[in-house]
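Let's take a friendly tour of a protein model. Have a look at it first, and then we'll go through a few spots together.

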Protein chains: 2
Amino acid sequence: MPAVWVSEVGPRDGLQSIATVMPTAAKQRWLAALARAGVPEIEVASFVPARLMPQMADAAEVVRAACALPALHVAALAPNLQGARAAMAAGAHKLTLPVSVSEAHSLANVRKTHAEMVEVVRGVVALRDAEFAGVRIEAGLSTAFGCTLAGAVSDAQTLRMAQTMADCGVDEIGLSDTTGYANPAQVGRLFRALRREVGERAGGAHFHNTRGQGLANVVAALEAGVTTFDASQGGLGGCPHAPGATGNIVTEDLVFLLEAMGLDTGIDLDALLQARAILAEALPGEPLYGHLPDAGLPKGFAYAREAA
Amino acid sequence: MPAVWVSEVGPRDGLQSIATVMPTAAKQRWLAALARAGVPEIEVASFVPARLMPQMADAAEVVRAACALPALHVAALAPNLQGARAAMAAGAHKLTLPVSVSEAHSLANVRKTHAEMVEVVRGVVALRDAEFAGVRIEAGLSTAFGCTLAGAVSDAQTLRMAQTMADCGVDEIGLSDTTGYANPAQVGRLFRALRREVGERAGGAHFHNTRGQGLANVVAALEAGVTTFDASQGGLGGCPHAPGATGNIVTEDLVFLLEAMGLDTGIDLDALLQARAILAEALPGEPLYGHLPDAGLPKGFAYAREAA
């Protein structure tokens, strides 16, 4: 196991946010390249109706292909029972359920009240228990740090929803800064409180870089004991219901941060840049972000696994 | 006094790194707007020969104009005794002397060996003591975290140079990540060691965002007790002798980070964006960086001084 678990969410959070529909074969080439680079987990698709999100129409096929890649943990997102069933039937190892702390965001994003979404989560856990034992279920708490619709979100609101999710029987509860509102003081405070509240079910961090604070928030999360981070290659991504929210933190820059700090990710940066080239070729004209790809590795750079 | 002291270095580090020469009147408009925004300190110029750096030919005039702005601490950089004299004669309140920890960088940047540069620093301190009492002298340790020419720089090398500077009688010793090599683990470790080594002479942090790690390093520095940060509006800047080094951390994003964390900077972000508009108008076509200017403040955002 690497010291820090990087979960690549570009194929889901990234591709759902751009207009271009990446062909299935291109997705498969990109996923294979990411897996070759040593990325341990990829959220490969979102199981939503194709009429709402044509970028994800091939979700089941992509999950099946990803499951054939060696040593890769395959995650998928599903906002409802039907999507969850399809994702698990396709073979996903992990399921992320997007649960908004802000009810306004919940209504905009999944068209459900809190009460309705809690019922979805209960139903998905029951389905997993009955038919898909072994699939890991994560509640990803959207707008955990603030909401473009509702404004400030209190720690108490986020922790209350985390407790509700624990009561529903999910395996892990992650915190998402969907809107780029989080700051390091808040991140450290909230992840520490999350662990106090739900113990070992405390999950990973999903940060957007909307206000340039993504990696600063990672540092605070690391200090609070977080060891799983979502990131998106090239910073692809955003949220259609969080206006102005730009992409996730950039995988390339995150991996450099962690390795430079002496935290093994199991990822090879040269191979990660090869995956980026495949992505760039598949999405001509789409802006890709990140500093490391331009600047390159420092002279004398050593991976954590070499330095140890 | 604000909780954290932000020193704007764009007029020096930024403008010296781009080909365009900003007219003196435009510099004055920009400086005035920055001061109006509440920026407490600006490094306004570098005192180097105009034939080497025509962007800085008006250094003395700019210092004099800046000194007329109310409540502004005016800093200038000088690499030698002649420049230091001119800067202090013009009225600079603070003088930053660039002292490379890497001797290869010293030779490339100021064409001096370590021994020669130490003599410069001694001479400047003596001149200040004799003729310009009250001027604060900072040794800014370039390449403190690594060097594009020499590669890795050890903590011991940086701390040895810091001690040498303390022995020379400088008032403060800052650490500069000239090359964008620093990581948060190293930053925390080195600033803590700096304080152990030179006590109250431990100075601020000067980070470049070359590999996107700038604000992550700020978080680590804050935790190590650093309360002074250099930054450049729009991320202007770099180092002509550190290939690939892009600009400083972006003032706008830094101020947002600090205020969101509850750390008062005394700076108003709307007014800071007005200063950015003046900069953009004066440098047409020059790329300006930063996320906050695009994303805007979060809904319900409160400054530290309001929240307190």
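## A glycine in a loop

Leaving aside its neighbours within four places in sequence, which residues is B:Gly180 in contact with? Keep in mind that this is a predicted model. The residues that B:Gly180 touches are B:His208, B:Thr210 and B:Arg211.

To find B:Gly180 yourself, go to chain B and look in the loop between strand E6 (172–177) and helix H8 (184–198). Is B:Gly180 buried or exposed? Its relative accessibility is 3%, and buried means under 20%, so B:Gly180 counts as buried. As for B:Gly83, it sits 97 residues from B:Gly180 in sequence, and the two are 27 Å apart in space, C-alpha to C-alpha.

## The nonpolar core

In soluble globular proteins, nonpolar side chains tend to be buried together. Here, the largest nonpolar core has 207 residues. Among those with the most contacts inside that core are A:Phe191 and B:Phe191.

Let's zoom in on B:Phe191. Not counting residues up to four places away in sequence, B:Phe191 touches several residues, including B:Phe145, B:Leu175, B:Ala221 and B:Val226.

Now for a pair of helices in chain B: H9 (residues 214–223) and H10 (residues 251–260). They pack at an angle of about 40°, with their axes 11 Å apart. H9(B) and H10(B) are therefore oblique to each other, and their crossing is right-handed.

Who meets whom? On the H9(B) side you'll find B:Leu215, B:Val218 and B:Leu222, which meet B:Asp253, B:Leu254, B:Leu257 and B:Leu258 in H10(B). Sorted by class, this contact has six nonpolar, no polar and one charged residues.

Definitions and conventions. Residues are numbered from 1 along each chain as its sequence is written. Chains are lettered from A and ligands numbered from 1 in the order in which they are written. This is a predicted model: local features need pLDDT of at least 70, side-chain atom pairs count only at pLDDT 80 or more; totals for chains, interfaces and linings use all residues. Side-chain values use heavy atoms; hydrogens and water are left out. A nonpolar core is a set of buried Ala, Val, Leu, Ile, Met, Phe, Trp, Tyr and Cys residues joined through side-chain atoms within 4.5 Å. Buried means under 20% relative accessible area, exposed over 50%, partly exposed in between (1.4 Å probe, protein chains only). Contact means heavy atoms within 4.5 Å. Axes are lines fitted to C-alpha atoms, for helices over the stretch in contact, and angles run from 0 to 180 degrees between N-to-C directions. Helices (H or I, at least four residues) and strands (E, at least two) are DSSP runs, numbered from the N terminus. Angles under 35 degrees count as roughly parallel, over 145 as roughly antiparallel, 65 to 115 as roughly perpendicular and the rest as oblique. A crossing is left-handed if the near helix is turned anticlockwise from the far one by less than a right angle, and right-handed if clockwise. Ala, Val, Leu, Ile, Met, Phe, Trp, Tyr, Cys and Pro count as nonpolar, Asp, Glu, Lys and Arg as charged, and the others, Gly among them, as polar.
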